[in-house]
Amino acid sequence: MSWKVALTDVTLGEEEAQAAADVVRSGWLSQGEGVARFETEFAAFTGAAHAVAVTNCTIGLELAYEAAGVRPGDEVIVPALTFVATANAARRLGATAVFADVTSPDDLCVDAADVAAKLSPRTRAVVAVHFAGWAADVTALRGALDAAGRGDVVIVEDCAHAPGATYRDGDDRCGTRSAFGAFSFFSNKNMTTGEGGMVTTGDAGRDRLLRALRAHGMTTTTWDRHRGHAFSYDVARVATNGRLDEVRAAIGRVQLRKLPDANRRRGEARGHYLTALAGVPGVDVPFSKGAYGVGAQHLLVVLLPEGTDREGVMGAMRADGVQTSVHYPPTHRFTAYSEPRVELPVTDAITARLLTLPLAPTTTAATVDVVVGALRRALGV
Ligand SMILES: Cc1ncc(COP(=O)(O)O)c(C=O)c1O
């Protein structure tokens, strides 16, 4: 289908093509110096002491949970309103994903009070998803855990949507206040390497552990041995292969340089949306009624008027050439997670109202007018 307005727009150019070609010509494609540079630059960008490049964010979450001490039989508290990877990564480690509600129809990030209510002796970690690129309230989350006497519970930030976003109560960037932050560079994300991810941490020991966990548990890397820095290795623990490669790292370094401007342009597009949507009765825009820091503006999620036939709206907008989506079908209603049945009052109340409108750095005021015009026609207002 050729869209008049597609949901997102991948902004790759000659620089990325050149960077990738340079790697191919170098003859060394697997993890090497380019990955190390990408890690250093990403750590500097976020303000984290360490950054470990990984194959994708899902693996990044799995490694972060494991490094947080999650073992079979443990529980990891996650919001249900997220991409399924947040919960899957826990299940893949043999842990149980325990679902918590989001805070309100305006604040679609995990509710600290509900997390506290879901704690059990088996809780090992809690995941704060920075939904749509807006920081979850990790200060409230840490406070709630401490108040419950659970300073031992590790917070992992799912930063897939939030490279460059700041926290609600400071200028520091997401992925730096908790034990780990896991980022995604999938092709629909704010910066992309096709597949790819990064895990940030402030702790040198956790950094070393992540590096071992992403490389079979080996004590030296192929790159070390290629350079003659090492001849052998030991395997101190059983682990997976979660490495990123040089081609993706080279593309990622270019994308990282472009990220601040891309996020700024996304923010401008959101501004146009807020103006245009203000006149559409019954449509609410989450993260617009409070202080949420500087968002990374990953997704433009709206809540349709109560009782709207969402499929009908999406179909009418499709007929008008406008692509829309739903972020997300909540995880606790998927077959794999449906038992035991959990009720999450806020998530359950808004699920049928969620609609994602097109947003990219290239989205102009004129594009927004086309989208909101199509939405108005679809709603009949
Ligand atoms: C909130 C969230 N977490 C995790 C992921 C997984 O990222 P990846 O595709 O890099 O594994 C995604 C991807 O869409 C996501 O949106």
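A residue counts as buried if 20 or more other C-beta atoms lie within 10 Å of its own, with C-beta atoms placed from the backbone. By that criterion α3 is mostly covered, with eleven of its eleven residues buried. The model described here is predicted. The protein chain has two assigned domains, domain 1 (14–257) and domain 2 (259–379), and a ligand with 14 residues around it.

**Overall fold**

- The secondary structure of the protein chain consists of twelve helices and nine strands.
- The radius of gyration is 21 Å, close to the 21 Å from the globule rule for 381 residues, so the protein chain is as compact as a globular protein of that length.
- Along the principal axes, the C-alpha atoms of the protein chain fill a box of roughly 70 × 55 × 40 Å.
- Of the 381 residues in the protein chain, 51% are buried.
- Among contacts with a separation of 6 or more, 73% are between residues 24 or more positions apart.

**Domains and their contact**

- The C-alpha centres of domain 1 and domain 2 are 26 Å apart.
- Domain 1 gives 31 residues to the contact, and domain 2 gives 33 residues.
- On the side of domain 1 that touches domain 2, the elements giving two or more residues are β3 (96–100) and α9 (246–277).
- That side of domain 1 is made up of 19 nonpolar, eight polar and four charged residues.

**Ligand shell**

- Cys-57, Thr-58, Phe-83, Ala-160 and Ser-184 come nearest to the ligand among the 14 residues around it.
- By residue class, the shell around the ligand has six nonpolar, seven polar and one charged residue.

**Helix α3**

- The buried residues of α3 include Cys-57 and Thr-58, both of which are also among the residues that come nearest to the ligand.
- Glu-62 and Glu-66 are likewise among the buried residues of α3.
- The buried residues of α3 also include Ile-59, Gly-60, Leu-61, Leu-63, Ala-64, Tyr-65 and Ala-67.

**Loop between α9 and β8 (300–303)**

- Phe-287 is found in this loop and has a positive phi of about 65 degrees although it is not a glycine.
- Phe-287 counts as buried because it has 21 C-beta neighbours inside 10 Å, where the cut-off is 20 or more.
- Gln-297 lies in the loop between α9 and β8 too, and its phi is near 60 degrees, a positive value in a residue other than glycine.
- Gln-297 has 29 C-beta neighbours inside 10 Å and therefore counts as buried.

**Loop between α10 (310–319) and α11 (345–350)**

- His-327 and Tyr-328 are joined by a cis peptide bond with omega of about 5 degrees.
- Tyr-328 lies in the loop between α10 and α11.
- Glu-339 and Pro-340 are joined by a cis peptide bond, with omega of about -10 degrees.
- Pro-340 is also located in the loop between α10 and α11.

Technical notes: Residues numbered from 1 in each chain as written. Predicted model: local features only at pLDDT ≥ 70, side-chain atom pairs only at ≥ 80, totals over all residues. Near = placed C-beta within 6 Å. Nonpolar A, V, L, I, M, F, W, Y, C, P; charged D, E, K, R; others polar. Domains from an automatic or database assignment. Contact = placed C-beta atoms within 7 Å. Helix = DSSP H or I, 4+ residues; strand = E, 2+ residues; numbered from the N terminus. Buried ≥ 20, exposed ≤ 12 C-beta atoms within 10 Å, placed from the backbone. Rg over C-alpha atoms; globule rule 2.2 N^0.38 Å.
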